[in-house]
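The following exercises concern side-chain interactions in a single protein chain. Each task is followed by a solution in steps.

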Amino acid sequence: MWAAAPLLLLLLLLLPLALARRWRRGAARLEPAGRAVLITGCDSGFGHLLALRLHRLGFTVFAGCLCPGGDGARRLQREAAAEPGRLRVLRLDVTRARDVREAKEMVLSHLPERGFWGLVNNAGISTFGETGWLSMETYEKFADVNLLGSIRTTLEFLPLLRKYKGRIVFMSSIIAYFTLGNGIYSMTKAAIEKFCDALRLEMKKFGVQVCIIQPGNYARSTRIQPPVSAEEIWSELSEEEKAVYNREYVQERADFFNSILSEGSTNGHEVVDAMVDALTSPAPKARYMVAKLKEKALVLVCALFPTVVMDSVLSYALSKVKLA
């Protein structure tokens with residue numbers, strides 16, 4: 001009898017999930033017409049794809065671009081030309097409070113009849129490098145774009161989101177759980193996850209839902225992380241770091257990281273599907289993990305096993321070059 005207890009407990013835990021999934025499939029989805037969504041980081045990648053998708057679905061889209069005169073912004077404007085007024089491209093550098101305020105003013109001045117429905121904090125940057133290879137200025141820049149930029153934009157639009165009981169979607173990553181040479185990116189994604197966890201609980205009483213998107217390796221679908229050059233890394237190292245590391249080590253680490261990038265999925269629409277569900281589902285998930293099975297397995301190891309196990313797995317995968 002007692003031997004069956006763990007199985008019974010597992011079934012009791014899975015039953016609510018199965019019922020919730022069935023209800024989600026049967027419930028009516030949101031009517032996009034007359035609802036506005038602001039997306040950051042629409043120059044390329046997931047933000048660009050999402051802006052196009054939401055526009056085609058019928059949303060009023062405010063597409064924030066770092067370079068409103070760039071190729072990505074011009075493509076969005078060409079898309080918008082068929083239906084003037086429903087897709088607007090605006091300059092939005094999430095590190096500038098003035099840009100964020102002006103974005104809110106534009107939204108307010110062109111708000112459709114059903115109001116402001118969604119904020120998608122998608123803008124982000126990535127780079128490669130071990131901890132001591134990166135300058136303090138680089139850490140500050142990454143924190144400002146990936147973490148504080150999302151917080152800055154969220155705080156500005158929070159009154160509107162509470163008023164219309166809307167949605168907030170944050171772009172995170174499975175790299176929030178572990179790191180393979182881009183610890184600075186992992187750091188910012190882990191921090192945004194904790195910000196979202198607090199925000200999600202606090203916003204429930206206002207009817208505002210907060211969702212996190214956790215893509216796996218989609219490097220080939222975006223421009224967030226270009227291939228790295230060992231020569232450039234070496235040339236930028238301080239003399240103190242060059243005294244510790246050698247060129248062979250830096251080359252091997254760069255090759256390893258580039259091999260990971262080359263394995264990235266080119267189907268960015270899988271991630272966009274999750275973002276659309278977060279905005280339109282009657283019962284959106286708190287987290288959408290869009291990743292390969294082996295990537296999900298790594299996350300599971302992080303969650304269930306002692307840290308020493310994950311450290312052993314990652315250490316085995318990393319450099320074999322001796323420093324001395």
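**Exercise 1. Charges over rings**

Task: Identify the ring over which the charged end of Arg35 sits, and then the ring that Arg162 covers.

Solution. Step 1: the charged end of Arg35 sits over the ring of Trp117, 5.2 Å from its centre. Step 2: the charged end of Arg162 sits over the ring of Phe206, at 5.5 Å from the centre. The criterion is that NZ of Lys or CZ of Arg is within 6 Å of the ring centre and within 35 degrees of the ring normal.

A note on the model: it is predicted, so local features need pLDDT of at least 70 and side-chain atom pairs count only at pLDDT 80 or more, while totals for chains, interfaces and linings use all residues. Residues are numbered from 1 along each chain as its sequence is written, and side-chain values use heavy atoms, with hydrogens and water left out.

**Exercise 2. Aromatic pairs**

Task: State how many aromatic pairs the whole structure holds, and describe two of them.

Solution. Step 1: a search of the whole structure gives eight aromatic pairs. Rings of Phe, Tyr and Trp (its six-membered ring) pair if their centres lie within 6.5 Å; planes under 30 degrees apart count as stacked, over 60 as edge-to-face and the rest as tilted.

Step 1: the ring centres of Phe46 and Tyr218 are 6.0 Å apart and the planes stand at 70°, so this pair is edge-to-face. Phe46 belongs to helix H2 (residues 45-57) and Tyr218 to the loop between strand S6 (209-215) and helix H7 (230-236), so the pair ties together parts 172 residues apart in sequence. Helices (H or I, at least four residues) and strands (E, at least two) are DSSP runs, numbered from the N terminus. Both Phe46 and Tyr218 are buried; buried means under 20% relative accessible area, exposed over 50%, and partly exposed in between (1.4 Å probe, protein chains only).

Step 2: Phe170 and Phe195 are also edge-to-face, with 5.9 Å centre to centre and 75° between the planes. Phe170 lies in strand S5 (residues 167-171) and Phe195 in helix H6 (residues 183-203), 25 residues apart. Phe170 has 1% relative accessibility and therefore counts as buried.

Step 3: one aromatic cluster is formed by Phe128, Trp133, Tyr245, Tyr249 and Phe257.

**Exercise 3. Salt bridges**

Solution. Step 1: the structure holds 16 salt bridges, each a side-chain nitrogen of Lys or Arg within 4 Å of a carboxyl oxygen of Asp or Glu.

Step 1: Arg96 meets Asp99 at 3.3 Å, N to O. Arg96 is partly exposed, with a relative accessible area of 37%, whereas Asp99, at 3%, counts as buried.

Step 2: Lys104 pairs with Glu156, the closest N and O atoms being 3.9 Å apart. Lys104 lies in helix H4 (residues 97-109) and Glu156 in helix H5 (residues 136-164), so the bridge ties together parts 52 residues apart in sequence. Lys104 is buried at 17% relative accessible area, and Glu156 is partly exposed at 23%.

Step 3: Lys294 forms a salt bridge with Glu263, with 3.9 Å between the closest N and O atoms. Lys294 is exposed, with a relative accessible area of 53%, while Glu263, at 43%, counts as partly exposed.
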